[in-house]
Amino acid sequence: MAHIGWGHLKDSEGYGKLGDSVNDYRAVTKKELSTLESSTINLKHAAHGMIFAKKSNLLWNLYDQKGLVMMQVRFDGLLGFPGGLVDDGEKAVDGINREMHEEIGLDLHKYSFTEDHHIACYYQEMKKMILHFYLMEVSPEDFATLEQKTLSAEEYGIETCGIVRVPLFTMGDGVRGFPAFLANQFAGNARAELIHGLLEAKLFSESEMETALKAYKDYAESIKSKTHL
């Protein structure tokens with residue numbers, strides 16, 4: 001396959017460049033954000049959101065489903081949350097709503113994000129980027145409707161290659177399920193956002209998350225030197 005370069009995507013491709021680590025993203029307060037905005041040249045904003053529903057249900061009469069969390073397979077092959085770059089002159093909350101409508105067909109008259117849904121800001125210094133993260137709860141019935149509507153969204157098949165439900169349970173070996181899901185390749189700091197969102201939504205307790213993270217890290221370490229199909 002011939003390498004055709006970035007073309008008109010060149011100006012924005014750096015924001016999604018692979019190789020970021022969790023340490024590249026620093027949580028910032030509103031006061032720190034204001035300082036960065038006034039002192040940093042060419043600062044770029046992005047906004048993403050986690051839509052979830054609480055649903056306690058035993059799968060196979062064994063594992064508590066806990067709830068439903070929406071992520072997506074992105075155009076670049078990575079897992080992430082719906083959302084994207086905020087346009088120049090646009091507020092982050094307006095950017096998240098615009099992106100949600102484009103990527104998953106979100107009905108903004110019923111589900112639009114507000115400032116009350118904003119739970120975190122992160123700063124990526126090398127990319128001069130602020131990432132805004134939002135969290136919104138819907139009913140399990142509305143969640144299923146939202147999933148179906150993604151198929152007719154403007155950006156379906158372009159920026160969004162499919163919606164993914166996050167498995168929130170851990171199976172008998174202590175790895176398959178949520179810990180194994182964490183071993184996938186995530187865009188930017190989406191893995192950290194997922195963890196933060198699950199704790200904020202109280203879908204996981206602190207101790208449950210600690211156990212899952214240990215299992216994920218042990219599993220990730222064990223497969224580093226192995227070749228898998």
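The following exercises, each with a worked solution, concern the predicted model shown above.

**Exercise 1. Salt bridge between Lys-44 and Asp-88**

Determine how far apart the closest N and O atoms of Lys-44 and Asp-88 are, where each residue is found, and whether each is buried or exposed.

Solution. 

Step 1. Consider the general principle: side chains of opposite charge can pair when their charged atoms come close.

Step 2. Check the distance. The closest N and O atoms of Lys-44 and Asp-88 are 3.3 Å apart.

Step 3. Compare the relative accessible area with the cut-offs. Buried means under 20%, and exposed means over 50%. Lys-44 has a value of 15% and is therefore buried, while Asp-88, at 71%, is therefore exposed.

Step 4. Consider the pair as a polar contact. The side chains of Lys-44 and Asp-88 are also joined by a polar contact of 3.3 Å.

**Exercise 2. Further salt bridges**

State how many salt bridges a search of the whole structure finds, and describe the pairs Lys-110 with Asp-142 and Asp-173 with Arg-176.

Solution. 

Step 1. Begin with the total. The search of the whole structure finds 12 salt bridges.

Step 2. Examine the pair formed by Lys-110 and Asp-142. Their closest N and O atoms are 3.7 Å apart. This pair links distant parts of the chain, since Lys-110 lies in helix α4 (residues 108–111) and Asp-142 in helix α5 (residues 140–149), 32 residues apart. Lys-110 has 52% relative accessibility, so it counts as exposed.

Step 3. Examine the pair formed by Asp-173 and Arg-176. Here the closest N and O atoms are 2.7 Å apart. Asp-173 is partly exposed at 40% relative accessibility, whereas Arg-176 is exposed at 54%.

Step 4. Look for linked residues. A network of salt bridges connects Asp-87, Glu-90, Arg-98, Glu-99 and Glu-102.

**Exercise 3. Helix α3**

Determine how the reach of α3 compares with the expected value, and how many of its residues are buried.

Solution. 

Step 1. Consider the reach. Helix α3 has 13 residues and extends 18 Å from its first C-alpha to its last, close to the 18 Å expected at 1.5 Å a residue.

Step 2. Count the buried residues. In α3, 10 of the 13 residues are buried, so the helix is largely enclosed by the rest of the structure. Among them are Val-93, Ile-96, Met-100 and Ile-104.

Step 3. Inspect the end of the helix. Gly-105 follows α3 and has a positive phi, near 70 degrees.

**Exercise 4. Positive phi in lysine residues**

Describe the phi values, locations and accessibility of Lys-128 and Lys-202.

Solution. 

Step 1. Read the phi values. Lys-128 is not a glycine, yet its phi is positive, near 50 degrees. Lys-202, also a residue other than glycine, has a positive phi of about 60 degrees.

Step 2. Locate the residues. Lys-128 is in the loop between β8 (118–124) and β9 (129–137). Lys-202 is in the loop between α7 (190–200) and α8 (206–222).

Step 3. Classify the accessibility. Lys-128 has a relative accessibility of 37% and therefore counts as partly exposed. Lys-202 has a relative accessible area of 67% and is therefore exposed.

How values were computed. Residues numbered from 1 in each chain as written. Predicted model: local features only at pLDDT ≥ 70, side-chain atom pairs only at ≥ 80, totals over all residues. Heavy atoms only, no water. Helix = DSSP H or I, 4+ residues; strand = E, 2+ residues; numbered from the N terminus. Buried < 20%, exposed > 50% of the residue type's maximum accessible area, 1.4 Å probe, protein only. Salt bridge = Lys/Arg side-chain N within 4 Å of Asp/Glu carboxyl O. Polar contact = N/O pair within 3.5 Å; in protein donor to acceptor, adjacent residues only side chain to side chain. Expected span 1.5 Å × (residues − 1).
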